[in-house]
Every structure is written in C-alpha cells, then in structure tokens.
Amino acid sequence: MTPFVAEIIGTMLMILLGNGVVANVVLKDTKGNNSGWIVIATAWALAVFVGVQVAGPISGAHLNPAVTIGLAVAGKFSWDLVPTYIAGEMIGAALGAFLVWLFYRDHFAITEDEGAKLACFSTGPAIRNPLSNFISETIGTFVLVFVIFYFSDPSLSIHNDTTAKIGLGSIGALPVAFLVWAIGLSLGGTTGYAINPARDLGPRIMHALLPIKGSSDWGYAWIPIAAPILGASLAAILYSFLN
C-alpha cells in the first residue's frame with residue numbers, strides 16, 4: 001500500500017458509493033428510484049467518509065486533484081508529488097465509475113433517459129450558463145479547501161516520527177464528511193457540486209468508453225475541471241495570506 005495505490009483505492013470507493021447512489025436514485029426500476037436530493041447528498045458525504053477512512057493513514061486521502069493542487073499552492077504539499085497523486089485519483093475515479101456501471105448494468109439497459117444515465121457518471125448544470133456554472137463550482141471548491149485548512153493544523157504526525165502526506169485524512173474522516181454533506185445540501189443545486197476534477201473527468205471518460213447510448217457532454221466538461229482548481233487555489237492563497 002503506497003500513497004499512489006491508496007489514492008486509487010480511496011477514490012475508487014468514493015466514486016463507487018457516490019455515483020452509486022445517483023444510479024440508485026435516477027435509473028429506472030431501482031429500489032431507490034426517485035428518493036431525491038437529500039439521499040444523494042447524504043450518501044455522497046458517507047462515500048467521502050469511506051474513501052478517507054481507507055486512504056487517510058497512507059496518503060492523507062486527497063482523493064481530489066483540487067485538494068492536491070490547493071495544498072501545493074499553500075506550500076503544504078510537494079509539487080513533485082502532485083502528478084502521482086492526480087494520476088491515482090483519476091485512475092480510481094474511472095475504476096469506481098466502471099464498477100457503478102457493472103453493478104447497475106441491467107438498470108442502465110432499461111433506462112431511456114440519456115441525461116439520467118450520464119448523471120450516474122458526471123455532473124451537469126441545472127441551468128446551462130457557463131459563467132454561472134463556473135462560479136458555482138469555484139465557490140463550492142473554495143469552501144471545501146478553505147475549511148479543510150481550518151479543521152486542524154494541516155500536518156499529521158504518525159508513528160515513525162515522520163509527517164504524513166496531508167489532505168482530507170489529516171482532519172479525520174467524519175469532519176470532512178459533514179463538510180461535503182453541507183456543500184451538497186447548500187451549494188449542490190446548480191451544478192451537482194463536482195468540486196473535484198477527477199470525480200467528474202474520470203467517470204465521464206468511462207461513460208464515453210462503455211456501451212451506453214448518449215452524449216458525454218464534452219462541451220461542459222472543462223468547467224468541473226478548471227473551476228475546482230481555481231477555487232482550491234484561491235482558498236490556498238487566502239489561507240496563506242491570513243496565516
């Protein structure tokens with residue numbers, strides 16, 4: 001178990017459970033069909049809890065390129081490690097999305113709504129306005145990363161007297177789950193709160209590769225990549241200025 005593997009597994013579990021609840025709510029004839037936004041937001045928070053619990057002791061549980069970049073911008077994480085972490089997060093997100101498709105394959109087959117099927121992989125706007133959508137994702141990710149800095153000192157001493165890679169794991173799984181739950185309930189209504197480039201891009205790529213009818217909406221795909229990176233960077237800059 002290395003930080004790279006931990007990021008793959010933690011992100012994979014997060015996406016399996018997070019996109020899994022979306023599939024349970026929106027796909028035809030599932031047991032959870034039509035159970036609503038509160039179910040989605042709650043299960044996504046618990047999905048983050050699970051991913052952080054597994055990856056935290058090994059990698060710090062970034063599970064999100066925006067978190068990784070934000071920590072690096074703040075000088076709390078080595079830029080040399082950023083590509084490895086982002087690669088792990090992307091691979092994990094794609095694997096998690098594949099497992100969601102495999103698990104709900106029969107329900108994907110009988111669901112005619114192409115938008116609903118895409119929603120089980122990636123995010124999309126409730127009202128398509130690129131500027132507004134970009135602002136929403138930027139603010140949501142800013143809240144995520146800025147609050148992470150203030151949950152606890154962004155370092156974690158471990159048993160061998162070294163400092164673990166910081167991230168979501170350095171604050172414990174439960175606080176960050178509550179944070180993601182709050183963001184989802186309060187700020188998720190406009191774009192589906194990607195707040196994580198890997199969470200959106202990895203599954204979107206998988207949607208394009210799997211035998212699923214419908215567009216992968218690549219025209220929107222840049223927003224949940226660029227806006228979270230900007231939001232995380234702004235959070236890191238403000239945190240550094242204040243401290």
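Tutor: A helix here is a DSSP run of H or I with at least four residues, and helices are numbered from the N terminus. In this predicted model, Ile-91 is found in helix H4.

Student: Is Ile-91 buried, exposed or partly exposed?

Tutor: Relative accessible area under 20% is called buried, over 50% exposed, and anything in between partly exposed. Ile-91 has 38% relative accessibility and therefore counts as partly exposed.

Student: Is Thr-11 buried or exposed, and which residues is Thr-11 in contact with?

Tutor: Thr-11 lies in helix H1, which covers residues 3-26. Its relative accessibility is 0%, so Thr-11 counts as buried. Neighbours within four places in sequence aside, Thr-11 is in contact with Leu-63, Glu-89, Gly-92 and Ala-93.

Student: What does UniProt list for "transmembrane region"?

Tutor: Such annotations may be inferred rather than shown by experiment. The unreviewed UniProt entry lists residues 6-27, 36-55, 85-104, 131-151, 171-196 and 217-242.

Student: How much helix does the chain have over residues 85-104 and over residues 217-242?

Tutor: Residues 85-104 are 95% helix and 0% strand, with the end C-alpha atoms 29 Å apart. Residues 217-242 are 77% helix and 0% strand, and there the end C-alpha atoms are 39 Å apart.

Methods
Residues numbered from 1 in each chain as written. Predicted model: local features only at pLDDT ≥ 70, side-chain atom pairs only at ≥ 80, totals over all residues. Heavy atoms only, no water. Helix = DSSP H or I, 4+ residues; strand = E, 2+ residues; numbered from the N terminus. Buried < 20%, exposed > 50% of the residue type's maximum accessible area, 1.4 Å probe, protein only. Contact = heavy atoms within 4.5 Å.
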